[in-house]
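Here are my notes on the model, jotted down as I went through it. Have it open while you read.

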Amino acid sequence: MSPVETAETAPEPLSKIELPAHLGGGGEIPTFDITLRVRRYDPEFSEESKWEDFTMTMYGTDRVLDALHKVKWEQDGSLSFRRSCAHGVCGSDAMRINGRNRLACKTLLKDLDTTKPITVEALKGLPVEKDLIVDMEPFFQSYREIMPFLINRSHEPSKERLQSAEERARFDDTTKCILCAACTSSCPVFWTDGQYFGPAAIVNAHRFIFDSRDDAGDMRLEILNDKEGVWRCRTTFNCTEACPRGIQVTQAIAEVKQAILARQV
Amino acid sequence: MQVHKYDVIIVGAGGAGMRAAIESGQRARTAVLTKLYPTRSHTGAAQGGMCAALANVEEDNWEWHTFDTVKGGDYLVDQDAAEVMAKEAIDAVIDLEKMGLPFNRTPEGRIDQRRFGGHTRDHGKAPVRRSCYAADRTGHMILQTLYQNCVKHNVEFYNEYYVLDLLTVEEDATREDGTPYKQKRIAGVVSYDLATGELHVFQAKSVILATGGAGKVFKTTSNAHTLTGDGMGIAFRKGIPLEDMEFFQFHPTGLAGLGILLSEAARGEGAILRNSEGERFMERYAPTIKDLAPRDIVARSMANEVREGRGCGPNKDYVLLDLTHLEPAHIDAKLPDITEFARTYLGVEPYTEPVPVFPTAHYAMGGVPTNIATEVLQDNDTIIPGLYAAGEVACVSVHGSNRLGTNSLLDINVFGKRAGVAAAEYAKGAEFIDLPANPEADTQALLDHVRTSDGGEKVAAIRKDLQNTMDANMQVFRTAESIDRVLADIATFEERYSRITVQDKGKRFNLDLLEAVELGFLLELAKVMTVAALHRQESRGGHYREDFPDRDDEKFMKHSMAYKDAAVTSESSEEHIAGIRLGTKPVVVTRYQPMVRKY
């Protein structure tokens with residue numbers, strides 16, 4: 001890695017500086033009206049799903065999650081969706097927003113076209129339980145099958161195992177995964193073939209296959225060489241576009257494919 | 001209703017719960033009940049690192065870490081517990097590395113370490129590089145690594161099971177000096193399955209509470225929507241005390257107006273705070289370690305700058321976190337996530353513009369009292385056999401009146417592991433305790449009330465009012481007057497809460513119903529925090545009373561212990577306020593006598 005300035009080598013920052021006039025993004029926050037069009041489904045009351053519109057006034061810093069909360073807290077308490085951290089790290093609130101898989105807490109309303117209704121529906125390819133809640137079990141089942149844990153068969157040192165910064169960087173991108181299922185449920189192959197491992201499971205396999213400390217890469221490659229494995233991928237890049245963490249998912253899948261081929265040579 | 005039987009039940013699947021599960025699952029029949037999916041837990045939001053005196057990059061030792069923790073907590077830390085944590089920190093980090101955690105590395109391939117607030121070389125001489133980290137997503141890596149290892153060890157999870165009651169029994173017992181008392185014992189828990197709306201009773205020999213914090217009592221918070229203090233609430237309702245609840249940490253650098261956390265690691269990597277005059281104001285408040293002073297001091301300094309008119313922005317209500325003097329490559333390598341938060345949520349480019357920040361409610365120092373073996377206490381020194389607690393829900397107390405940054409990721413690993421081992425070992429030699437008759441009756445009654453009550457009050461409206469008054473009156477500056485205002489407000493909220501209406505009448509995924517139940521916990525805990533804050537007429541760590549601005553060791557160097565006591569009325573003496581009885585517990589002092597806290 002190229003040497004960068006660190007806290008230890010950087011010069012002490014100035015005690016006082018001239019600040020830019022606008023002081024870092026301040027200013028009046030605009031408001032606007034939106035229509036949120038949500039696909040509702042509750043099999044306890046009806047087997048049919050239906051679109052329902054909610055209108056409200058929102059602020060410039062609000063996210064789709066804020067709009068969902070406004071509905072739930074002020075208009076219709078039965079609207080059901082998962083959420084927790086509300087800033088894009090827990091992976092609870094992946095859903096289809098205007099036809100694209102995104103995290104509701106990371107999608108700012110001002111970045112959408114607010115002149116038209118904003119459509120919100122459950123992830124595709126996983127069984128819908130109620131409104132925006134899907135059954136995540138098939139997704140986690142695929143994840144568990146790729147053995148998502150470090151397997152190291154060498155003698156355990158008393159201190160940490162050594163790993164160079166370059167070795168660590170090799171799999172950095174795929175360690176970012178938050179298991180939100182946005183990628184897997186955006187994949188056309190997964191929609192038609194629920195048996196396909198899907199991008200998220202492959203990303204998590206990648207994270208270990210390319211970890212210099214791991215000794216089970218061959219086993220994982222064998223699993224992913226299965227007919228429901230990496231070869232089902234048609235490189236449509238939906239997964240990469242859907243990933244709220246910016247992981248280069250399609251590239252990770254390609255690297256796993258190459259590793260399988262290289263091993264067979 | 002279904003009844004399940006396990007040796008060990010772990011409530012919560014964040015860092016503490018899963019660290020416990022890895023130990024317990026290999027020793028005894030264990031199940032983890034969690035209101036979320038495990039990887040949604042808020043441990044994953046922690047950013048900056050986990051301190052341990054590995055001395056990989058410069059001289060360090062666990063004794064210095066212990067001292068920093070004690071001084072950082074303004075001498076309310078139980079020093080035996082801090083010593084355990086600082087010593088076991090080193091193995092805790094190595095354990096995680098062996099489990100696969102991808103720490104950042106030094107050029108030699110060792111675990112890299114960086115600076116963090118309040119962590120110093122040789123008792124305060126200068127900042128020290130002690131925090132082991134993985135970019136600015138250390139908590140994410142810990143949560144993922146622990147979940148991965150739970151998968152490896154086939155740990156059994158019940159996802160989206162809300163634990164709403166502890167099943168305890170009381171037995172007549174006699175103390176060594178002959179006085180009789182009621183000994184509590186744990187028999188299991190009652191849980192609500194979100195998917196079906198059914199109640200499940202779990203009988204267990206050991207129960208570990210690992211439910212995390214209660215930040216949602218405040219409006220501006222770094223905490224997840226789901227951090228509603230359920231574990232503290234159910235314990236408190238069963239007569240178990242809550243310790244040091246007046247101490248709540250406000251993290252200095254929340255994104256202004258949003259509360260989203262920007263790690264202290266930013267300052268550890270060289271970022272500084274500036275006021276509207278462009279001044280690095282921390283030079284005035286903490287001349288030696290400046291922006292790397294502990295969080296309580298930095299948060300108060302920021303609030304004071306704003307109060308004195310040196311805030312920034314159109315309403316002059318925040319200060320600025322300045323990273324513009326750092327190399328973009330350095331920022332990308334060490335702080336990628338938090339800089340993206342600034343871009344995503346405020347539209348600010350941290351390479352070139354300072355980021356608006358203001359303190360955000362972050363961490364409960366207090367909680368369910370335990371000893372260093374993680375056994376829950378029913379009073380100052382009587383344990384409840386089989387009941388354990390670890391992590392933010394617990395108060396052991398390693399954080400005293402102010403937690404140092406990184407010590408929570410450490411706490412969950414050290415004490416989570418201890419709890420897992422202890423609970424499993426206890427279960428091996430223990431018998432199941434008979435469940436009380438109709439074990440689910442109380443929970444069923446609570447849910448029936450919430451479901452059928454039709455007074456028209458909205459849960460969200462009461463919650464919003466609670467959060468507003470807590471932000472206005474119980475934040476970094478407090479007075480008797482502001483605290484009294486909150487108590488009066490809470491009394492009205494309790495009355496309104498008795499008249500709520502829940503709209504969703506269904507059985508499946510009824511989060512409307514559960515938000516109402518969670519509000520009950522929030523109200524209860526806010527009241528405990530407020531009563532304890534009123535009683536503590538001094539300023540210490542995260543609790544700052546403008547009417548009592550000094551620390552008063554003679555009167556108050558002791559833990560507060562709050563008990564729910566329905567017999568107590570609001571007109572009672574100062575130890576008995578609003579249905580809460582307050583007691584005290586001595587602080588364990590081993591090697592450090594209290595000194596003036598300067599940085």
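1. Chain A first: its domain assignment gives domain 1 (31-134) and domain 2 (137-151 + 167-264), with bounds that come from an automatic or database domain assignment. This is a predicted model, where local features need pLDDT of at least 70, side-chain atom pairs count only at pLDDT 80 or more, and totals for chains, interfaces and linings use all residues. Residues are numbered from 1 along each chain as its sequence is written, and chains are lettered from A and ligands numbered from 1 in the order in which they are written.

2. The C-alpha centres of domain 1 and domain 2 of chain A are 28 Å apart. Where they meet, 14 residues of domain 1 of chain A are in contact with 14 of domain 2 of chain A (contact: C-beta atoms, placed from the backbone, within 7 Å). On the domain 1 side, strand β4 (residues 100-103) of chain A gives the most, with four residues. Helices (H or I, at least four residues) and strands (E, at least two) are DSSP runs, numbered from the N terminus.

3. Between the chains, 57 residues of chain A are in contact with 71 of chain B. On the chain A side, α1 (64-75), β6 (128-130) and α3 (165-170) each supply at least two residues. That side has 22 nonpolar, 17 polar and 18 charged residues (nonpolar: Ala, Val, Leu, Ile, Met, Phe, Trp, Tyr, Cys and Pro; charged: Asp, Glu, Lys and Arg; polar: the others, Gly among them).

4. Chain B has 16 helices and 21 strands. Its radius of gyration is 23 Å, close to the 25 Å from the globule rule for 599 residues, so chain B is as compact as a globular protein of that length (radius over C-alpha atoms; the rule is 2.2 Å times the number of residues to the power 0.38). Buried residues make up 64% of chain B (buried: 20 or more other C-beta atoms within 10 Å of the residue's own, all placed from the backbone).

5. Have a look at α8(B). Eleven of its 13 residues are buried, including Arg295(B), Asp296(B) and Glu305(B). Their cover includes β4 (113-121), β11 (248-255) and β14 (355-364) of chain B. Just after α8(B), Gly309(B) takes a positive phi of about 90°.

Technical notes
Contact = placed C-beta atoms within 7 Å. Buried ≥ 20, exposed ≤ 12 C-beta atoms within 10 Å, placed from the backbone.
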